[in-house]
Amino acid sequence: MAFTLTRRATSHRLPTKTRFFFSTKPHNSQISQLSFSHDNTHYRKQISLANLLQRYGFPPSQLHNFISKNKFLLNSHVHDIEKSLSILLRFKITQKSLVSLINDCPGVLDVQFLEKWEMGVSKFGDLGISPLVVRNILELSRRFQIDPGRVYETVKVLKGLGFSEGTVKRVLEEFPKVLMMNEVEVCRRIEFLKRIGIPNEGIERIFYLFPGVIGFDVEDRLKPLLDEFCDWCFSEDIIRKEIVREPRVLSMELGEFSRCLELLRTLKCREPIKLKIFGEGAFRAGFEVKLRVDCLCKFGLIRREAFKVLWKEPRVIIYGIEDIEKKIDFLVNKMKYNVDCLVEVPEYLGVNFEKQIIPRYNVIEYLRGKGGLGFEVGLRDLIKPNRLRFYNMYVKPYPECEKLYGRFSGGEIKSRHPAGLWKLFKLPSYANSKEDIKNMKAFMESLV
């Protein structure tokens, strides 16, 4: 009986084991073969898509990230994507703008979307719309489902308000979101500018130079900003004049102008520098501070640090934006310093780039490469010493650095005046006569 039970169990287990062995091996082989075939097809499609995008100017270094972020492209036919790219090129969009458009809005590669817009764009020739406008319109319409007919309506509204063709083109290039606004909203901005006394030609100038003002709300942004200007006792004439002169004044955030003027009020600098800062009036000086703060923030400083740099080094306010950008670019990319160093050594932005920064950097780099420096020279050690002290420390001991430094070439400190010039300013001497001596004696006796 025991034997029978054992036999039954054995006979029950063996078929199961046999069935498991023979049924799974072919099954696993099939899955592996299908998986490999799928991966191979997927990989080939990636290669084809990458080659296609690269052929149309897409940078090879960006292809992997772009395709991995946009998986829907692998589900589309490569032929349809190529057709979409050829349609975009027919819009006369530059290669740089084309790559930027695809990066910002990959959905524009939808061939059905582009075929619909191709018919609309073909009619834009009468409107004088540039390829840059077409690029902006395509991105906006893909995101917010705007029809080509909306472009005609917007252009008609802007021209009906009296704007020239150049101003309309400029608005569509810089602020394409105007397509999402109606005529009433645009008229509200125009009426606000008219109420503060700006004539029609001034309004067109504002829209041309700063189209983004169309997107600012009148009640929540423009009116409070105008009140802030008035709170600082600026007259309406000055405010109106400065807005027409530089419309970007209206881009200030609420409270930003007050902070700039507070900085100017607490400046501690030499009188000639202060006169240059306020040479065109306090209003203009406040706006110049805003521009410098924005420039410093663009390179990574926070606003509090940017204001601190300007307060410590007021000369930055009178320097051009291009000069400041050139110095910071050299500091970060060439000298390999962090931009935060400007908070500790703001004098770097106040010295001459060609005559002081570059020569000193060349000398230090030469000595560092030669092994002539026994210590690390920081940005403060590079900028703070005056010209003579820097020469005596780093240039004079190494004659080969004379040409690199340039200021004291030849090893001698040249005087600002020719030798012997002091003799010309010496008072001439005359011999005393007997009569002069007699008069001097008589004068001295009278004093006794």
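Buried residues have under 20% relative accessible area, exposed residues over 50%, and partly exposed residues lie in between (1.4 Å probe, protein chains only). By this scale Lys 326 is partly exposed, with a relative accessible area of 39%. The structure is a predicted model, in which local features need pLDDT of at least 70 and side-chain atom pairs count only at pLDDT 80 or more, while totals for chains, interfaces and linings use all residues. Residues are numbered from 1 along each chain as its sequence is written, and side-chain values use heavy atoms, with hydrogens and water left out.

**Salt bridges**

A salt bridge is counted where a side-chain nitrogen of Lys or Arg lies within 4 Å of a carboxyl oxygen of Asp or Glu. Searching the whole structure gives 30 salt bridges. Helices are named here by number from the N terminus; they are DSSP runs (H or I, at least four residues).

| Pair | N to O distance |
|---|---|
| Arg 142 and Asp 110 | 3.6 Å |
| Arg 245 and Glu 280 | 2.2 Å |
| Glu 354 and Lys 326 | 3.9 Å |

Arg 142 and Asp 110 meet through their side chains. Arg 142 is partly exposed at 27% relative accessibility, and Asp 110 is partly exposed at 28%.

Arg 245 pairs with Glu 280, their closest N and O atoms being 2.2 Å apart. Because Arg 245 lies in helix 12 (residues 236-245) and Glu 280 in the loop between helix 14 (271-277) and helix 15 (282-298), the pair ties together parts that are 35 residues apart in sequence. Arg 245 counts as partly exposed, at 33% relative accessibility.

**Positive surface patch**

A patch of positive charge on the surface gathers Arg 259, Arg 304, Lys 308, Lys 312 and Arg 380. Patches are made of residues with over 30% relative accessible area and no salt bridge, with like charges joined within 9 Å. Lys and Arg count as positive, whereas His and the chain ends are not counted. Helix 16 (residues 303-312) supplies the largest share of the patch, three residues. Arg 259 is located in helix 13 (residues 256-265) and is partly exposed, with a relative accessible area of 39%.

**Cysteines**

No disulfides are present: a search of the whole structure finds zero, a disulfide being a pair of cysteine sulfur atoms within 2.5 Å. Cys 105 is buried, with a relative accessible area of 6%. Cys 260 is likewise buried, at 0% relative accessibility.

**Separations between C-alpha atoms**

Lys 177 sits in the loop between helix 8 (165-174) and helix 9 (183-195) and is partly exposed, at 48% relative accessibility. The C-alpha atom of Lys 177 is 9.3 Å from that of Ile 214, a residue 37 positions away along the chain.

Leu 291 belongs to helix 15. This leucine is buried, with a relative accessible area of 17%. Between the C-alpha atoms of Leu 291 and Ile 317 the separation is 9.0 Å, and the two residues are 26 residues apart along the chain.

**Positive phi values**

Gln 145 is not a glycine, yet has a positive phi of about 55 degrees. This glutamine is in the loop between helix 6 and helix 7 (148-160) and is exposed, at 61% relative accessibility.

Lys 336, also a residue other than glycine, has a positive phi near 65 degrees. The loop between helix 18 and helix 19 (341-344) holds Lys 336. At 65% relative accessibility, Lys 336 is exposed.

Methods
Patches are made of residues with over 30% relative accessible area and no salt bridge: like charges are joined within 9 Å, nonpolar side chains (Val, Leu, Ile, Met, Phe, Trp, Tyr) within 5 Å. Accessible areas come from the Shrake-Rupley method with a 1.4 Å probe; for residues, only the protein chains shown count as cover. The place of a charge is taken as NZ of Lys, CZ of Arg, CG of Asp or CD of Glu. Helices (H or I, at least four residues) and strands (E, at least two) are DSSP runs, numbered from the N terminus.
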